[in-house]
Amino acid sequence: HQQVLKRQPLLQAQRAKSGCSRPWRKLDPSQSYKREWILFLLYGIVLDAGSSRTTVYVYQWPAEKENNTGVVSQTFKCSVKGSGISSYGKKPQDAPKAFEECMHKVKEQVPTHLHRSTRIHLGATAGMRLLRLQNETAANEVLASIQSYFKSQPFDFRGAQIISGQEEGVYGWITANYLMGNFLEKNLWHMWVHPHGVETAGALDLGGASTQISFVAEEKVDLNTSDITQVSLYGYTYALYTHSFQCYGRNEAEKRFLAMLLQNSTTKTYLINPCYPRDYSTNFTMGHLFDSLCTVNQRPARYNPDKIITFEGTGDPSLCREKVASIFDFKTCHDRETCSFDGIYQPKVKGKFVAFAGFYYTASALNLSGSFSLDAFNSSSWNFLINVSTEKYSRIYSMCVYARSYCFSANYIYHLFVNVYKFTEDTWSQIHFKKEVGNSSIGWSLGYMLSLTNQIPAESPLIRLPVQPPVFVGILALFTAAALLCLVFLAYLCLVSRKKRHSEHAFDHAVDSD
């Protein structure tokens with residue numbers, strides 16, 4: 001091991017010169033080692049800069065399996081305090097300040113000697129997509145401020161970028177199926193193979209400013225549409241339908257709903273909201289409702305951003321469901337089965353789906369999780385609004401700012417799933433509301449990192465069997481049985497031969513005696 005220690009600095013220098021950044025664990029001279037390098041963990045960091053908040057994820061995987069799969073896991077998660085980075089459009093220099101607390105914790109999670117080789121990526125979603133459409137200069141200044149901050153950090157910063165809605169949908173689908181083991185599994189020989197008979201799951205993601213649906217479409221689909229993406233993973237190509245609905249995330253959808261209530265009201269300062277509990281009231285400024293690109297077309301003629309509007313709840317679940325439906329335009333579909341709303345193409349949903357992010361949190365607020373029937377969802381959302389008292393609701397709201405919108409969210413999800421995506425009573429039970437798989441959160445960030453670090457190759461590194469696994473197992477069993485029969489037959493021949501030799505020896509002995 002002394003020879004190994006002498007060679008270690010030279011090899012590290014050679015690796016640095018060649019651009020290879022895989023780290024090696026330092027050997028302790030007091031320990032006895034075989035002549036081999038000891039590998040350890042690699043790390044990757046992704047900042048999910050959403051419209052309402054930024055979340056930091058730390059992932060790790062064994063260094064010796066860097067280009068394999070099924071080994072990447074989430075080890076740390078930190079929610080950045082404050083709102084999303086798009087809210088810093090007027091003060092872009094303040095955007096990085098919110099990251100300090102989480103980044104301090106991240107530095108403690110990743111070993112110090114690996115900081116320089118650990119990549120960090122920031123991906124911004126619908127909030128920044130909207131800001132870029134509204135004020136591109138402000139969006140660029142926010143990103144520039146963030147990039148300047150991370151260049152001063154000890155990690156290998158790979159840039160801050162705004163990802164498209166379609167990319168967000170694809171990465172979310174990759175994450176969900178990667179964590180669920182739908183792409184690869186280990187066989188009896190610990191080789192990675194494509195799971196036999198396993199179908200991929202569709203992904204349903206609800207953010208603050210957009211919502212995404214992604215699933216493998218049936219063979220007979222229009223491949224020319226921009227919503228069908230050919231995704232190649234491990235040698236398999238999937239015709240993935242994915243669409244991102246800008247302005248239909250939970251927060252922006254509710255703004256559209258409140259703006260619609262204002263449009264249809266005779267009074268412009270005091271409005272009734274059937275989705276709020278009875279006697280619950282809250283105030284918003286016009287600026288809060290109409291400062292978004294999603295509601296700018298709904299601004300009243302006498303728009304005053306400082307004007308206060310009061311919304312009082314009536315706790316009417318039936319009217320709430322009716323009113324929420326009006327934020328969707330179904331007329332342009334003309335009852336076509338392959339149309340979701342607003343003339344947008346969508347093939348028929350099929351197979352299992354995973355609903356995460358805002359979908360999961362809304363279901364959890366209704367004491368629902370996993371898979372459940374449409375009737376159970378309707379009953380829970382109905383009873384939540386009717387049974388909750390103003391006192392109890394105020395107590396819940398003090399703990400969670402989203403509590404006042406749970407009933408709106410539930411009815412919004414109903415219309416989105418039933419009338420837009422066209423899930424039926426039978427197919428609704430195929431939707432699984434999940435937050436994570438194991439200890440890893442379901443979201444687009446893991447798929448994003450896997451893609452940027454080439455952890456999922458397009459071509460297949462797999463061991464491919466010339467026959468289907470059940471047939472292979474049957475053939476293997478047949479040959480095993482044949483081999484056992486041969487052994488038994490050889491043992492029988494050996495025994496017969498031994499008995500024959502024994503008989504001849506006895507006969508010869510008897511003749512000699514005579």
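Tutor: Start with arginine 129 and glutamate 168. They form a salt bridge, with the closest N and O atoms 3.0 Å apart. This pair links distant parts of the chain. Arginine 129 sits in helix α3, residues 126-134, and glutamate 168 in helix α5, residues 165-179. The two residues are 39 residues apart. Both arginine 129 and glutamate 168 are buried. Keep in mind that this is a predicted model.

Side chains of opposite charge can pair when their charged atoms come close. The cut-off used is a side-chain nitrogen of Lys or Arg within 4 Å of a carboxyl oxygen of Asp or Glu. By this rule the count comes to eight salt bridges.

Next, helix α6, which spans residues 250-263. Arginine 250 and glutamate 254 meet there through their side chains, in a salt bridge of 3.5 Å from N to O. The two are four residues apart in α6, so about one helical turn separates them. Arginine 250 has a relative accessible area of 12%, so it is buried. Glutamate 254 is at 8% relative accessibility and therefore counts as buried.

Helix α6 holds another pair, lysine 255 and glutamate 252. Their side chains meet in a salt bridge, at 3.9 Å from N to O. Here the spacing is three residues, so the separation is again about one helical turn. Lysine 255 counts as buried because its relative accessibility is 15%. Glutamate 252 counts as buried because its relative accessibility is 10%. The cut-off behind these calls is under 20% relative accessible area.

One group goes beyond a pair. Lys81, Glu101 and Lys105 are linked in a network of salt bridges.

Now to helix packing. Two packed helices are described by the angle between their axes and the distance between the axes. Take helix α12, residues 406-420, with helix α9, residues 358-365. They pack at an angle of about 125°, and their axes are 10 Å apart. α9 and α12 are therefore oblique to each other. The crossing in which α9 passes α12 is left-handed.

Helix α8, residues 317-324, also packs with α12. The angle is about 55°, and the axes lie 9 Å apart. That angle makes α8 oblique to α12. α8 passes α12 in a right-handed crossing.

Valine 418 and serine 340 are 78 residues apart in sequence. In space, C-alpha to C-alpha, valine 418 and serine 340 are 10.0 Å apart.

A nonpolar patch of about 710 Å² is made by Leu484, Leu487, Phe489, Leu490, Tyr492, Leu493 and Val496. Take leucine 490 from that patch. Leucine 490 lies in helix α15, residues 469-513. At 51% relative accessibility, leucine 490 counts as exposed. The cut-off for exposed is over 50%.

Note on methods:
Residues numbered from 1 in each chain as written. Predicted model: local features only at pLDDT ≥ 70, side-chain atom pairs only at ≥ 80, totals over all residues. Heavy atoms only, no water. Patch = residues over 30% accessible without salt bridge, like charges linked within 9 Å, V, L, I, M, F, W, Y side chains within 5 Å. Areas by Shrake-Rupley, 256 points an atom, 1.4 Å probe, with all protein chains shown as cover. Buried < 20%, exposed > 50% of the residue type's maximum accessible area, 1.4 Å probe, protein only. Axes fitted to C-alpha atoms, helices over the stretch in contact; angles between N-to-C directions. Parallel < 35°, antiparallel > 145°, perpendicular 65-115°, else oblique. Left-handed = near helix turned anticlockwise from the far one by under 90°.
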